[in-house]
Structure formats: C-alpha cells, structure tokens
Amino acid sequence: MTPHTAPSDRPSAPDRIRRADRTYAAHLLGSAAGAAFAAVLFGLVLVLVEGHWGPLRRVDTGAAGRLHRVAVRHQGWTDGLSFVSHWVLGPATLRTAVALLTLWLLHRRAWRLAAWSAVTAIAGAVIGALVKVIVERARPTLPDPVAHAPGYSFPSGHAMTATTSFGIFLLVLLPLVPRAAHWLCWLVSAVAVVGVGFTRVALGVHWCSDVIGGWLLGLTVVAATTWAFEAWRSDARRPAAPVTEGLEPELDRPRPEPPHPHGS
C-alpha cells in the first residue's frame, strides 16, 4: 500500500506574499512612528544639553562667528553657497526628485519600493517639522546677516532632507549602477549631504548642532523604514542581499517584485 500523504501545511507563494504585504504595511507605518518618537526624545534631550552644556554652546557660537566673518568679506562665495543651498540641493529640489523617482518606481511596478520611498520622504518632512515646533530653538542672530530663513532652527530641514533624499536615491538606484561605481555613488552622496549642512552654517541660518541633528534624525528615519522593507523581503522569502547594495537588487529586471496575489 502507498502510505497516505498529509497535505502540506506550508503556505503557498501567493499566501506568503499576501501575509508579507499585510505585515509590511504595519511595519512601514510603525517604523515611521517609532522614528518620530525617537526624534522627539532626541529634540528634548538637546534642549537640556544646549541649555546647560558649555562645550556645545562654544562650538556652535565659534563656528557661526568664524564662518560669518568669511561670508561677509566674500560676497561671491556667499552667493554660490546660497545658490547651492536654495536651488541645487534645496528641500524643494530634492523632494521633487524623490517624487519623480517614486512615480518611476510605480511605472516599473515596484509597488513596495515606491511605498518605501514615499513613506521615508514624507516621514522625514513631518518629523523634522514636528521636532522644530517642540524644541523651538531660535536661529543664530549675527551682525550684518548674509541670509535669512523663517521658522525655528533645530533640526536643520535642509540637512535632514538631504540625508533622507540621498538615502532614498542610493538604496533605490544602486542596483542599476555597475558595482565598480558604487563607491563613487556613496562618495557623491556623502559630499552632497555634508555640503548642504556646511552651507547652512556658513550662511548663518543654523547652528552646527542643528545640522548634526538633521543628519542624525534623517539617518534614523531611513534606518527605520529600511528595516521595514528588509522585514518584508524576509517574510516574502526574497533572496537576502546586503543593504549597502540597494534595497531591491531585482530592480534591473522587467518585473522587479513578485506580483500581488490578487493579480497586477
């Protein structure tokens, strides 16, 4: 006699993807909320540190004063910094680029990666605005200011937007770049992010700690949402890949992500 074979309890591929998609939505929104909570705590800690820790105040005021003296004496240099800060790598420019990238991902049917891109960018913008309102830190007040900016100072919105935006560009587009050129992509992104932060301090509209806070909070948001995407890949049993090579190594394929269980 042929022994009776019990039906397998292992879920089918469509069921597995359906479950992964449900948990992905929860993970993605949960990670954004967790990043917001961490950012608020970070901002509150900064209020205490900034109020009582002399070394931080000396670094902030010293850097602001030295760079302001240079900016006042070199108008052409200052104009160049303003152009880079407001137009080339300004928040509006970078957010528009991220929006176009997200639309391209939708066109490529990379639905989950598009959701990751959108949530990361939106969470970064909302968290930055939330922490500014909570901390209410005043911007530098300098004699003969060379630039002006509205709103509160911490964190630097330019620095935070640059961090989240270039994080999105790298983690989305690296699979489309030859591996030998990956180091160049990381280098260009690092220079751009650091450069944006430098322009904000040099123009006298932010303290050094504002810029550092923007970088750290931007990294927190990218790390949190990246964890959610990696968790989806694991739940969907997608091949493991180092995050430094991009979130979706299959993006160079005609169909980068598995089809939705209900059809596409």
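**Stop one: helix H8**

Select residues 208–235. This is helix H8, with 28 residues, and from its first C-alpha to its last it reaches 41 Å, close to the 40 Å expected at 1.5 Å a residue (the expected span is 1.5 Å times one less than the number of residues). Helices here are DSSP runs of H or I with at least four residues, strands are E runs of at least two, and both are numbered from the N terminus. Now click on Arg-237: this residue follows H8 and has a positive phi, near 60 degrees.

A word on the model: it is predicted, so local features need pLDDT of at least 70 and side-chain atom pairs count only at pLDDT 80 or more, while totals for chains, interfaces and linings use all residues. Residues are numbered from 1 along each chain as its sequence is written, and side-chain values use heavy atoms, leaving out hydrogens and water.

**Stop two: H6 against H8**

Which residues of H6 meet H8? They are Ala-159, Met-160, Thr-163, Thr-164 and Leu-171. Among their partners in H8 are Val-211, Trp-215 and Thr-226; contact means heavy atoms within 4.5 Å.

**Last stop: the whole chain**

Zoom out: the chain has eight helices and zero strands. Of its 264 residues, 45% are buried (under 20% relative accessible area, with a 1.4 Å probe and protein chains only).

Note on methods. Buried means under 20% relative accessible area, exposed over 50%, partly exposed in between (1.4 Å probe, protein chains only).
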